[in-house]
Amino acid sequence: MSAQATDVTPVTDAPPPRSARAAVLRRRLPGSLAWHLGSLAILAVILYPVLWVIGGSFKESGDIVGSLDLFPGDPITDNYTSLADGIADISISTFFVNSLFLAVGSVIGIVVSCSLTAYAFAKIRFAGRNLLFTLMIGTLLLPYHVLLIPQYVLFRNLDMINTYTPLLLGKYLATEAFFVFLMVQFMRNLPRELDEAARLDGCGHFRIYWSIVLPLCRPALITSAIFTFINSWNDFMGPLIYLNEPGKYTISLGLKMFVDQEGLANYGGMIAMSLVALLPVLAFFLAFQRYLIDGMATSGLKG
Amino acid sequence: MGSAVTHAPALDGRADPEPRHGPATSPRPAGPKQRRRRENLAGYLFMSPWIAGFLLLTAGPMVASLYFAFTDYNLFDAPRWIGLDNFAEMFGDPRWRHSVRITLWYVVVGTPIKLIAALGVALLLAQKRRGQAFYRAAFYAPSLIGASVSVAIVWKAIFSDDAVVDRTQQLFGIGAGGWTGDPELIIYSLVALTVWQFGAPMVIFLAGLKQVPRELYEAADVDGAGKLRQFWNITLPMISPVLFFNVLLETIHSFQIFSSAYIVGGGAGGNACGPADGTMVYTCYLYVQGFENSRMGLASAMAWMLLVAVALVTAVLFWSQKRWVHYEEGGR
């Protein structure tokens with residue numbers, strides 16, 4: 001490389017290809033530098049709050065807000081050990097288990113119900129399909145808050161307040177139109193020949209759904225599953241409205257209870273618990289970021 | 001699903017584990033009419049969870065909500081029809097008007113900044129360079145955690161008195177005091193929070209940018225068009241469907257901001273949304289009226305106003321797309 005770079009100076013137009021490449025490289029170097037500097041600057045802004053909470057969780061309560069140092073000189077673990085006492089006699093792990101139960105329950109419901117619905121939209125020609133599809137897309141844009149009060153009244157009349165049913169039922173009834181839409185897009189792009197051949201062989205729709213379409217849709221199913229898990233884990237309004245017994249609280253509600261009851265007395269503990277509550281989502285992100293980003297990207301492309 | 005099982009004949013189109021019952025029932029040789037009927041049954045069987053969910057959890061509640069909007073309903077006594085009183089009370093309520101104002105402010109300021117940031121960074125990342133995938137993933141991460149209680153707590157701390165943001169602005173001599181203690185400024189901490197989550201629309205922009213044919217730029221280079229003109233005349237029109245999608249989704253989402261406003265603004269009691277209602281966005285006020293004051297009728301009326309607002313914005317955007325969104329031939 002260096003040998004070629006020396007004879008590159010005199011070259012101007014229509015040079016031999018190698019030295020041309022070196023020239024291009026040199027011309028692009030400032031651009032490349034600017035690109036990396038710009039990206040790093042944005043990265044710093046993006047990461048700051050995350051580093052802040054990590055560093056803060058190892059500081060004394062009084063030093064967290066006012067100190068400009070991201071990481072403490074001598075880190076302490078008291079904030080984490082203080083979490084072992086739990087909040088209001090409830091162990092932090094209870095909130096974790098509750099959140100995990102809801103998240104896994106939601107994932108199963110979404111994957112099953114949305115894939116069935118998506119199969120009907122994508123692969124079966126039935127009367128009224130276009131109308132139902134339009135309705136489904138309509139619910140995609142519907143503000144959830146219009147349904148908030150009547151759904152609450154409904155579940156209250158069914159004596160289901162303070163149970164997990166209101167938080168899970170919708171997941172089993174494919175009400176998350178976004179995932180139906182995502183799967184329909186995916187299924188429509190599968191080669192038609194596969195299921196047509198299966199039909200000629202006499203396969204029924206359930207067989208085609210189960211043995212051909214579902215296995216091919218794995219990427220869409222995984223994307224939906226991860227998003228569902230994360231949404232359920234982060235959900236605050238649903239549990240806030242439906243759960244009123246601290247023993248049933250999710251991690252989001254537990255954290256809010258922490259803020260209200262001990263936020264001032266144990267600020268460091270609150271910061272530590274904030275970080276702990278984020279860990280599952282961050283772990284999911286690190287493990288599956290490719291599925292998440294590809295899923296996001298395809299959802300927008302054919303809107 | 002339970003009731004559908006009684007239609008035994010329908011099952012051979014769907015769930016029968018051995019579809020090769022007899023030669024006569026295989027799909028192709030059956031008459032077209034019979035086949036169509038079987039397709040209909042299969043379609044509705046597959047759709048049955050969605051249909052049940054739509055009726056029970058979407059359509060039914062919407063009708064109920066519309067009815068509640070015209071009643072006085074506190075959950076304990078039966079709803080009492082009061083006509084338009086809820087709407088009259090709403091429009092006359094300065095707190096409601098305040099919540100509308102700061103929600104619109106949040107949407108109108110936050111959404112464009114977020115989308116411009118998303119597009120700008122997407123243009124940066126569209127260049128194929130080392131580390132591009134890493135940056136893309138890192139920039140996307142806030143979109144996943146941004147709605148959580150944890151991040152709201154962190155946000156409240158970062159923007160409070162004497163914390164980083166306050167110190168930084170003192171450094172530049174632009175006023176003192178954190179944003180979360182100031183009823184006027186606290187909403188901008190929420191704007192910052194939504195802008196921080198520019199990664200989700202960015203990923204969609206990136207996917208759109210990848211679809212723009214390289215030849216268009218090459219041809220423009222030959223014609224001597226500068227980078228800025230290429231952006232206006234090639235990039236923007238080519239990604240306009242993606243831009244439309246992002247504008248629509250982000251705007252609708254912004255109208256519905258709740259948990260971060262509730263947590264960032266929430267005092268020790270949890271009732272108030274910020275100092276002097278600084279983060280009392282529309283849905284927060286809806287929550288307060290419905291679930292803290294047990295004014296279910298009034299809250300339903302508020303929810304319908306939100307729906308009307310969102311529907312109007314959606315309609316205007318769809319109407320406007322004829323003028324600025326270019327779909328490729330053969331696309332939708």
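User: In chain B, what share of the contacts with a separation of 6 or more comes from residues 24 or more positions apart?

Analyst: Two residues are in contact if their C-beta atoms, placed from the backbone, lie within 7 Å. In chain B, residues 24 or more positions apart account for 69% of the contacts with a separation of 6 or more. This is a predicted model, in which local features need pLDDT of at least 70 and side-chain atom pairs count only at pLDDT 80 or more, while totals for chains, interfaces and linings use all residues. Residues are numbered from 1 along each chain as its sequence is written, and chains are lettered from A and ligands numbered from 1 in the order in which they are written.

User: How many helices and strands does chain B have, and what percentage of its residues is buried?

Analyst: Helices (H or I, at least four residues) and strands (E, at least two) are DSSP runs, numbered from the N terminus; chain B has 14 helices and two strands. A residue is buried if 20 or more other C-beta atoms, placed from the backbone, lie within 10 Å of its own, exposed if 12 or fewer, and partly exposed in between. Of the 332 residues in chain B, 43% are buried. Helix H5 (residues 149-158) of chain B is mostly covered, with 10 of its 10 residues buried, and these include B:Trp155 and B:Lys156.

User: At what angle do the axes of helix H11 and helix H14 of chain B cross, and which residues meet there?

Analyst: Axes are lines fitted to C-alpha atoms, for helices over the stretch in contact, and angles run from 0 to 180 degrees between N-to-C directions. The axes of H11 (residues 240-255) and H14 (residues 296-324) of chain B come within 10 Å and cross at roughly 170 degrees, which makes H11(B) roughly antiparallel to H14(B), a term that applies to angles over 145 degrees. Among the residues that meet, H11(B) contributes B:Phe244, B:Val247 and B:Phe255, and H14(B) contributes B:Leu306, B:Val313 and B:Trp324. By class, this contact has 11 nonpolar, four polar and no charged residues, where Ala, Val, Leu, Ile, Met, Phe, Trp, Tyr, Cys and Pro count as nonpolar, Asp, Glu, Lys and Arg as charged, and the others, Gly among them, as polar.

User: How many residues of chain B are in contact with chain A?

Analyst: The interface brings 90 residues of chain B into contact with 78 residues of chain A. Helix H1 (residues 32-68) of chain B gives the most to the chain B side, with 20 residues, and that side as a whole has 59 nonpolar, 20 polar and 11 charged residues.

User: Which domains does the assignment give for chain A, and how many residues of domain 1 are in contact with domain 2?

Analyst: Domain bounds come from an automatic or database domain assignment, which here gives domain 1 (22-81) and domain 2 (85-301) of chain A. Their centres, taken over C-alpha atoms, are separated by 32 Å, and 11 residues of domain 1 are in contact with eight residues of domain 2. On the domain 1 side of chain A, helix H2 (17-56) and helix H3 (78-83) each supply at least two residues.

User: Where in chain A is A:Asp159 found, and is A:Asp159 buried or exposed?

Analyst: A:Asp159 is found in the loop between helix H6 (145-157) and helix H7 (165-172) of chain A, and has a positive phi of about 60 degrees although it is not a glycine. A:Asp159 is exposed, with 9 other C-beta atoms within 10 Å. A:Asn162 is found in the loop between H6 and H7 of chain A, with a positive phi near 65 degrees, and A:Asn162 is partly exposed, with 14 other C-beta atoms within 10 Å.

Note on methods
Parallel < 35°, antiparallel > 145°, perpendicular 65-115°, else oblique.
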